Amino acid sequence: MEALSLRDDVSDKSALAAQNTLQLIAFSIGEQTYGVEITTVREIRAWNGATPLPNTREFVRGVINLRGTIVPIFDLRARFGDGQTSPTKNHVVVVMSVGDKWVGILVDAVSDILTVNRDDIHNVPEGNSIDTELLNGIVTHDSRMVGLIDLHAVVSGAKMDG
Amino acid sequence: MSDLDDFKATYFDECSELLTELEEQFAVIEEGERGADRLNAVFRAIHSIKGGAGAFGFSALVGFAHAYETLLDYVRDGRVELTDDVVVLCIRANDIVADHVNAAQSGEALPVDYGAEEKARFDALARGETGGDDDADADGEMMDDFDIDFTPVMVNLGGSMAEGEAPVEDVFESAPMAAAEGQWEIRFTPHRALYARANDPLLLFRELAALGTMSVRAVLGDVPPLSDFEPFAVYCSWEITLVSPGLSEVSIREVFEFVDGDCDIIIAQAGMVPSLADIGFDISEAPAPAVADAEPDLSSLLALTEEEVANPQEPVAPLADFIPEPPAGPVGAQDSFEEAPVLSFAALAEEIMPAAPPPAPKPPVAKAAPAAGGGESEEGGGRSVGVQSIRVDLDKVDRVVNMVGELVITQSMLTQQMDETLRARYTELVRGLEVLAQTTRGLQDSVMAIRAQPVKSVFSRMPRLVRELATKTSKKIKLETIGENTEIDKTVIEQLSDPLTHMIRNSADHGIEIPEKRLASGKSETGTIRLSAEQAGGNILIIVEDDGGGINRERVLQVARDKGVVAPDVNPTDEQIDQLIFAPGFSTASEVSDISGRGVGMDVVLSNIKKIGGSVHVRSWTGKGTRMTLRLPLTLAVLDVMLVKVGDSPYVVPLSSIVETMQCSRASFERVPSGGRVLQVRGEYVQVIDLGQRFGLATQVQETDQFVVLCETEGSQKVALVVDDIIGQQQVVIKSLEENFERVEGIAGGTILGDGNVALIVDVQGLRTTHLHQNAA
C-alpha cells in the first residue's frame with residue numbers, strides 16, 4: 001500500500017526541462033519497457049488484489065477502492081495479448097487519469113523516470129495493428145526501446161461484446 | 001453584475017415555485033372550486049412574478065403579466081365572471097407566463113406578438129364587463145395602456161443594467177393622458193412592520209408618481225414629545241394628492257400591493273372627504289411644539305409639515321435619517337398592540353367627519369411602536385407564516401449525505417467486528433454500539449428527509465403537457481394525479497421529469513384513441529391518464545396509466561422482428577412483447593409510432609430510470625389501456641443489502657428485491673427446453689440464475705445444498721439467484737462504476753465494504769431481462 005506521490009517533486013524538474021522534452025514514467029512488463037507521460041500519473045501502489053468484474057475481457061482485472069472511489073484495473077500484459085499476469089505483492093498498479101476517468105494499470109515494476117526529447121520519438125513500425133493501436137510511438141533510452149502507451153486505446157474495448 | 005445574477009437566479013427559482021403554485025391552484029379551480037382564497041393566491045403569484053420581472057427589466061413578461069393580473073383583479077372584484085372559458089384562458093395565460101419566464105431566463109427572445117391574442121382577450125373581457133360602469137374611462141385606460149401606467153422600478157446595481165427599459169428614477173411628474181380629470185387623495189400611514197420588511201416609501205412614491213401628477217405632504221403630527229419618543233417607532237405618515245385623468249383606485253391600490261397589511265391606506269376621490277391637509281394640521285397641534293423645542297433635527301423635519309412640500313423628493317431625503325434601520329427591536333408586547341392599534345386614518349376620518357375633536361394620537365402610537373415587532377406576525381396573517389424554510393446549496397446537503405453514508409458503513413463495520421466472545425466480554429461496548437446504530441439510523445433518516453421532496457414538483461408540469469398534447473393530437477384527455485405529496489429524494493425527482501414526460505407523451509399519443517374511436521368502442525369521449533405515486537417498502541412506485549387502446553402487440557412484434565430485436569423463430573409471450581417497447585433502437589422506430597404501436601423515446605425512460613437504480617414495467621390490456629410502473633429507490637445514497645459470496649468475490653443484493661433465502665440441492669433445479677433451469681418454490685416455478693455461471697466465476701459446485709436468494713423483479717416476477725454463500729445483511733453506500741469505467745451488464749454499481757474491498761451490486765432486474773434475451777435469442 002505504499003502510495004508514492006510523484007507530482008510534487010516532479011513539477012520542479014519539469015519546470016527546468018525545456019519545452020521540447022517529455023518526462024516519462026517507465027515500467028516493465030517482462031523484459032520490455034514501456035512509458036507513459038508523467039503528468040498523467042496520479043499515484044503508484046502495490047498490488048493488493050481487485051474485485052473481479054463479470055462480463056469483461058480478460059485484461060480487466062477488476063476494481064479497487066481508491067479512497068472511496070471505484071477504480072478499474074487493467075492488466076497491461078493481458079492487454080498486449082500475453083495472457084494474464086499472476087500478480088504478487090511486488091507487482092505495481094500505476095493509477096493514471098485518462099480523460100476525466102481514473103484507471104489503474106497493472107505492471108510488473110516501475111523502473112525509472114526518463115526525460116526524452118520529443119524529436120527522438122519514432123513512429124511505431126507499420127505491421128501488426130495491435131502495436132500501432134496501443135503505442136503512440138517509440139523512444140530509445142540507454143539503447144533500450146521504450147514503447148509509449150496510448151492510454152485511451154488500452155482502456156477501450158473492455159466489455160465482452162466490445 | 002454577479003450580485004444581480006444572484007438576484008436573478010433567486011428570482012427564477014421563485015418563479016418556478018410560483019408557476020408550480022399556479023398550476024396547483026388552477027387544477028383546483030378547474031374542478032369547480034372558485035373561492036376567493038384561490039383567486040388571491042393566483043393573483044399574488046402573478047403579481048410577484050410581475051414585480052420581479054419589472055425589477056430586472058423583462059418588459060415583455062411585465063406587459064403580459066400585467067394584463068393578466070388586471071383581468072384577475074376584475075375577476076376578484078366580480079366584475080368579470082369566472083366562467084369556464086375564462087378559466088381556460090387563464091390556464092393558457094399561465095403557460096404563456098411560464099414561456100416568458102423561460103425566455104427571460106435563457107435570454108431567448110419570444111416573438112414580439114407572443115401572447116398578444118390572449119392579451120386582446122383579457123382586454124375584451126375587461127371592457128365587456130365594465131363598459132357601463134362609472135369608472136369606465138379609468139378601466140379602459142388601464143387595459144389599453146398598461147405599459148404606460150405600470151412602470152416597475154428597475155433594480156440598478158452599480159449601473160450594470162444592460163437590457164430592458166431605462167430605470168424610472170425620480171419621475172415625479174408625468175401626466176401622459178388626457179380625459180376626465182381625476183384627483184385622488186391618499187393617506188399613507190406605514191406601520192413599523194413595513195420598514196422591518198425593508199420597504200422604502202420612496203419606491204412607492206415613485207410608482208405613484210408614475211401614475212400622474214403628485215404632491216406629497218409629510219404628516220409629522222404624531223411625533224410625540226421627546227420624553228415619550230421611541231427611537232424605533234414610526235411617527236411619520238404622508239398625504240398624497242395624485243392628479244391623473246382616468247386614474248382608478250385599483251391602480252393606486254396596486255402600488256401598495258406589496259405593503260398591504262403593513263400600512264394603513266385611505267384612498268378617496270377629491271371632494272369626498274374633508275381636506276386632508278386640515279386634518280393633518282389638527283392632529284399635529286398638540287404634540288408638535290414640544291418636539292420642536294427639544295430637538296433641532298426634528299424641528300427641521302417638522303418645518304416640512306408647515307409648508308406644503310412641493311417637491312416630494314425633499315421629504316424623502318430626511319426620511320432616510322429619520323426612520324431608523326429596521327431594528328432588531330423589542331419583541332413581545334403583542335397584546336398591547338391589539339389593545340392599541342396604530343391610529344388609522346380611517347378611524348380618524350370617521351371621527352372628524354362629525355367635527356369631533358381628534359383623539360390624542362400620542363399614547364396609542366407610543367405604545368404601538370414597540371409592539372410592532374411582535375405585531376408583525378399578526379399583521380402578516382395572510383402571508384406564509386406556517387412554512388419556515390431556508391435555501392441551502394444542494395452541494396452542501398450532498399456533502400452531509402455522503403458523510404452520513406460513510407458513517408453508516410463504518411458503524412455497520414464496527415458492529416460486524418463484534419463476534420460472540422467480544423459481545424460476551426464487553427457488554428457496555430455492545431450497548432454503546434447499539435445506541436450508535438440507532439443514532440446513525442436516525443441521522444440518516446433526517447438527512448434523507450432534507451433531500452426528500454414531494455413529487456408534486458414534477459407532477460405539476462404534466463397538466464400543461466397533457467393540454468398541449470391533447471390540442472396537438474385533437475384528442476380529449478383528462479389527467480388525474482394521485483399521491484403527489486409522496487416524497488422522494490431530490491436527485492431521483494430531477495431524473496424523473498424526462499421519463500415521465502416521455503411516458504405521458506406516449507400514453508397521449510399512442511394510448512388514448514381519438515374521440516370518435518373511443519365512442520365507437522363504448523368508452524367516454526375523454527380519455528384519462530392517471531399519474532400516481534405511492535411508497536411501497538423501500539421503493540416509490542410511479543404509475544402512468546391510460547384507458548386507451550393498449551399496445552398493439554402484433555405490430556410491435558412485427559417491427560421487432562424486422563429490426564432483428566427478436567429472432568424470427570422465437571415466440572415471445574405477451575408480457576415480453578410489451579417490454580420490447582423499451583428496447584434500444586425501438587425509440588427511433590417511427591413506423592411504430594406513426595401507425596399505432598408504442599415506442600417514442602421509451603429507451604430514454606429505461607436508461608434514465610436504470611441510472612437511478614429503478615426499473616420500469618409495462619402491462620397492457622388490449623382495448624382497455626396500458627399501465628407503466630416505475631419502481632424507484634427511496635434514496636440513492638444508502639442501500640440495505642444482503643452480502644453474498646460468488647466464487648471468491650463478494651456481491652451484494654439489494655434487500656428491497658429479496659423475497660426470501662433458502663438452501664436447496666442442485667437436483668431440485670429442473671431443466672426447461674431452452675436449456676435454462678427452473679426451481680419450484682411452493683408450487684410456483686421460478687427461473688434460476690446461477691450467478692457464478694452468469695458472471696463466469698469459478699464456483700464450488702456443490703451437489704448437495706446450494707444457497708438460493710429468491711428475488712422479486714418487476715411485475716412480481718420472481719427469479720432465484722444461486723450463490724455460494726450468504727454472509728449477512730448490511731448497509732452500503734452505492735458507488736458508481738461508470739465514474740471511472742463503464743456500465744457492466746448485470747451489475748448495478750459497486751460499494752466499499754468495511755474491510756476496504758469493493759463488492760459489486762447485483763442488478764437483479766437487468767439480469768432477468770438479459771436472461772430472457774439470451775434464452776430468446
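In strand 17 of chain B, Glu684(B) is the bridge partner of Val681(B). Strand 17 covers residues 684-690 and pairs with strand 16 of chain B in the antiparallel sense, over five bridges. Strands here are DSSP runs of E with at least two residues, helices are runs of H or I with at least four, and both are numbered from the N terminus. Two strands pair if DSSP finds at least two bridges between them. The hairpin of strands 16 and 17 of chain B has two residues between the strands, and Arg682(B) takes a positive phi near 45 degrees there.

A word on the model itself. It is predicted, so to be read with these limits: local features need pLDDT of at least 70, side-chain atom pairs count only at pLDDT 80 or more, and totals for chains, interfaces and linings use all residues. Residues are numbered from 1 along each chain as its sequence is written, chains are lettered from A and ligands numbered from 1 in the order in which they are written, and side-chain values use heavy atoms, with hydrogens and water left out.

Strand 15 of chain B, residues 669-671, runs antiparallel to strand 16, residues 677-681, and three bridges join them. Arg671(B) stands opposite Arg677(B) of strand 16. Five residues lie between these two strands, and in this hairpin Gly675(B) takes a positive phi near 100 degrees.

Finally, the chain as a whole. Chain B has 30 helices and 22 strands. Of its 777 residues, 49% count as buried, that is, under 20% relative accessible area with a 1.4 Å probe, protein chains only.

Terms used
Buried means under 20% relative accessible area, exposed over 50%, partly exposed in between (1.4 Å probe, protein chains only).
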